[in-house]
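Subject: Structure handover

Hello,

Here is the structure I said I would pass on. My notes on it follow below.

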Amino acid sequence: MNAPVSKTLLPRTLALSMAVAVALGGTFVAPRSADAAKGGNAAGLKLDESKLPPFNQFRIGDVDASKNVCSDFSGHVNGKWLASNAIPGDRVSWGAFEMLAERSVAVQRQIAEQAAANAKATGVQKIVGDFWATGMDEAKINAQGIAPLKSRLAEIDALTDGASVAEYLRKSFGRGEGAVFGFGPSADFKDSSMNIAYVAQGGLGLPDVEYYRKDEHKEKLAAYEKHVAKVLELSGIAADDAAKQAKDVIAFETRLAKASKSSEELSRDVSLFYNPVTPADADKMTPNFSWTRFFESQGIAAPKMFSFAIPEFHKEVDKMIADVPAAQWKSYLRFHTVDGASPFLSEPFVQENFNFYRKTLRGQKEMKPRWKRVLDTIEGQAGEALGQMYVQVAFPPESKAQMQTLVNNLSGSLKVRLENLAWMSPGTKKKALEKWSTFTPKIGYPDKWRDWSGLKTTRSSYVENILAANEFNYRWNLAKIGKPVDKTEWGMSPQTVNAYYNPQQNEIVFPAAILQPPFFDPKADDARNYGGIGAVIGHEMIHGYDDQGSRFGPTGNFENWWTEDDAKGFKALTDKLVAQFNGYEAVPGKFVNGNLTLGENIADLGGLAVAYDAMKRATAGKADPMIDGLNRDQRFFMNWGTVWRRNFTPQELEVRLVTDPHAPANFRAIGAPSNHPAFAAAFQCKAGDAMVRDGEKRISIW
Ligand SMILES: [Zn+2]
C-alpha cells in the first residue's frame, strides 16, 4: 500500500481505487534498530504450538487418479481436496492461503491475550492489549449502542448548504476519517524518491462502479438500497423516511459511479493515478471545493503540486456540492458514517453489516467470532505493532537466510532469461537488465519498526481506540507529504499471508506469514519450495515487467524505456494471454476477464518459468530420488497446483470476476503450466491434451 499501484499475490481487502486513500492507515514502519525484533517490547511472549491449526500441504493421497493430469490438472491434484474441504461458515473462500491465515490469527490471538493480561505492558504490547480488551468486551460495546457517533451525526444534521458540506469534508478528513474521495501520500511517479499527495476517486458502498451501471448487478443494487435504509433506520430515522433517504443515497452514488473508473480501467492503465496539478489549477476545476483550503485545513501547507486523479470524478463531486440538496448530502454522509463504524458498534449494527456485506454480497454463512473480528481491527489500525510481536514467536531466523538464497537463485535465473529473450532488441534488453539489477527484496519483517509513541489507547472504549488510531495514522501519513520516501517502510504487516511488488521502489516483499507450508518449508525438498514460494518470488519479480510494471524504470520512476517495436512485440504476446484467460469459463455463462487479470497472469506465467529454471540450476548434478512416486519436476508442478487449491462461494466468485485482478485459483493452477514445455515433459502429456498449449498457442513472454 506504499504505492497506489503495488501488485499483490492476492487482492488486498481494499479496492484498488481506494488504495491511495488508505495509504492512510495502511502503511507502516519507523525509527528503531533492526534488532528491535528481538527482545524489547515483545519479550516474554510464549507460543503454544499445540493450539495452532494444521498446515495445508500436498499429500499423495489427495491425488485423484481418475482425473487425467494432462487434461484436468486442477482436478487431478486438487479435486479430492476441494470436494472434501467445505468452506468454513465464517469464510467465503477456503484453501492454502486461508489455512495459513487461520494459523496466523491463532498465533495473533495468543499474543493479544498475553498482551492484554500484562498489567505493566508498555509500547506495542499496551496498544494491542488495549484494542483486544476493549474489543472483546461485548457487553460494554452493546451498552454504548450508537452513542460513540452522536457528535458526528449532530455535525451532519447541522449541514445547510454546499459550503457547509465542504467544511464538513475538511473536518472529517482532519480526523482521519474522510468521505467521498480518497487522499494520502505516495511516491511521485516522476521522482520515486519523494512523496507527494494523491487524491483519488471513492465514496461508493458497492465493490465496483459496474454494480451501479450494469443490469446484471441490479439485484445486488436493490439489496444495497435495502441495506442503506436499514442502517439509516438503526441510526434513528423513521422507517418510511429511511426508505426514501436510501433512494437518495443510491442516486447520489450512481452519479459518483458514472464519473468513476472501473477496476478494469484502473488495473490496465496505471497512469490514471497520476495527474500532477498545482492547487490553484485544481481550484479552477472545482470552484466549490478549494484544494488550497483543504490542504491548509489539514494542517499542512498547500504543496506546489499534487496528483489530481481522476479529474472528471472530482469535477462531478464539485458539481454535487453545488447542486445536490443539503438533505441528500446529509443522508449520504449519515449512512456512510454509521455504515463505516457498524462493525465496531452494538449488535444490531454488527449484524446488519454482516447481513449485507458478507452474507448477501459474498455468500458467507456465519459471522466470524468476535476474537477474529477484533484481530481484523488491530490489523487495520495497528497491524505492525502486532507484527513486531508476531515475528518474535512465529518466524524462525533461519527462514530468512534460506529465503535470501532462494531469492538470489531466482534472480540469477531471471537474468539469464532476460538475456536470452528472442523478441526483444538489445537496446531495450539493456534497460530491462538495468532494472533487474536494482530489485530490492524484503523478507519477513521490516528492518526498522514503526514508532507508535503518540498513539494513546485506553481500556475505556473500543470505538475511541479506533478513532484515536485513525487520527494517529492519518497524521503519520500526512507528515510524509513533501518528504523523501522511507525505503525501509513496509506496505503489509508480517502476519499477512500475501506478498507484493511495489514498482515505485522496485521492491519485492514477502511477509513472515507466507513463509510457511505449502509455500515454504525449511525442511522440505527443493521441488516443493521452488514450486511454492519460488514461483511466488518469480511472480513478484515479473510484476516489474508486466504490462503496467514495465512502465516504470530501474529507479521506480514512470518512464518509457521501450522502443516502439519492442512495445509492439510485447503487446502481441500479452494479447495472446488475454485471449487464453478470456476462454476460461468461471461459472456457467461467466468468463474470466483476460484484460482485468492480465498483469497477474503475466506474473504467474513468467514467475513459474523463472522458478523452474532456478530449481534446475540449484539441483543440477544432484540425484533425483522419487518421493511418493513422483520425480522432482512432477513435485514442482504438484506444489504449484496445491498452492492454488481454493473453494469460493458462488457470490464471492461473482464479486471477484468484476473486481479482482487475479484470475480464480483453479485457472491460476492450470494457466501457466499449460504453457510450459516442462509440464508436458514431466507428465508425458501429448499434443492435443488440454494442459499442452503448443505451436502458435504456447505463450512465453519473460
Ligand atoms: Zn501479483
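Helices α3 and α16 are roughly antiparallel to each other, a label for angles over 145 degrees, where under 35 counts as roughly parallel, 65 to 115 as roughly perpendicular and the rest as oblique. The contact is made by Val124, Ile127, Val128, Phe131, Trp132, Gly135 and Met136 of α3, and on the α16 side by residues including Trp371, Ile378, Ala382 and Met389. Contact here means that the C-beta atoms of two residues, placed from the backbone, lie within 7 Å. Helix α3 covers residues 123-136 and helix α16 residues 370-394; their axes come within 9 Å and cross at roughly 175°. The axes are lines fitted to C-alpha atoms, for helices over the stretch in contact, and the angles run from 0 to 180 degrees between N-to-C directions. Helices (H or I, at least four residues) and strands (E, at least two) are DSSP runs, numbered from the N terminus.

Two points on the source. This is a predicted model, in which local features need pLDDT of at least 70 and side-chain atom pairs count only at pLDDT 80 or more, while totals for chains, interfaces and linings use all residues. Residues are numbered from 1 along each chain as its sequence is written.

The chain as a whole

The chain has 26 helices and twelve strands. Its radius of gyration is 25 Å, close to the 27 Å that the globule rule gives for 702 residues, so the chain is as compact as a globular protein of that length. That radius is taken over C-alpha atoms, and the rule is 2.2 Å times the number of residues to the power 0.38. The C-alpha trace spans about 75 × 60 × 50 Å along its principal axes. Among contacts between residues at least 6 apart in sequence, 77% join residues at least 24 apart.

Of the 702 residues, 52% count as buried. A residue is buried if 20 or more other C-beta atoms, placed from the backbone, lie within 10 Å of its own, exposed if 12 or fewer, and partly exposed in between.

The core

In soluble globular proteins, nonpolar side chains tend to be buried together. The largest nonpolar core in this model has 171 residues, and Val128, Val228, Ala382, Leu410 and Ala611 touch the most other members. Such a core is a set of buried Ala, Val, Leu, Ile, Met, Phe, Trp, Tyr and Cys residues joined through C-beta atoms within 7 Å. Leaving out residues up to four places away in sequence, Ala382 touches Ile127, Val128, Phe131, Trp452 and Ala469.

Other helix pairs

Helix α8 (residues 218-234) packs against helix α9 (residues 239-258) at an angle of about 130°, with the axes 8 Å apart. The two are therefore oblique to each other.

Helix α1 (residues 73-84) and helix α23 (residues 632-643) pack at about 65°, with axes 9 Å apart. Their crossing is right-handed. Phe73, Ser74, Val77 and Asn78 of α1 meet Met638, Gly641 and Thr642 of α23.

Two residues of α17

Leu406 lies in helix α17, which runs over residues 397-419. Leu406 is buried, with 25 other C-beta atoms within 10 Å. Its contacts, not counting residues up to four places away in sequence, are Asn529, Ile533, Gly534 and Ile537. Glu419 is also placed in α17, but counts as exposed, with 12 C-beta neighbours inside 10 Å.

Backbone points to check by eye

Most residues other than glycine have a negative phi, and most peptide bonds are trans. The peptide bond from Ala309 to Ile310 is cis, with omega near 0°, and Ile310 lies in the loop between β6 and α13. The bond from Pro517 to Pro518 is cis as well, with omega near 5°; Pro518 is in the loop between β9 and α20.

Val180 is not a glycine but has a positive phi of about 65°. Val180 is in the loop between α6 and β3 and counts as buried, with 25 C-beta neighbours inside 10 Å. Asp628 has a positive phi near 55°. Asp628 sits in the loop between α22 and α23 and counts as exposed, with 12 C-beta neighbours inside 10 Å.

Regards

Key
Left-handed = near helix turned anticlockwise from the far one by under 90°.
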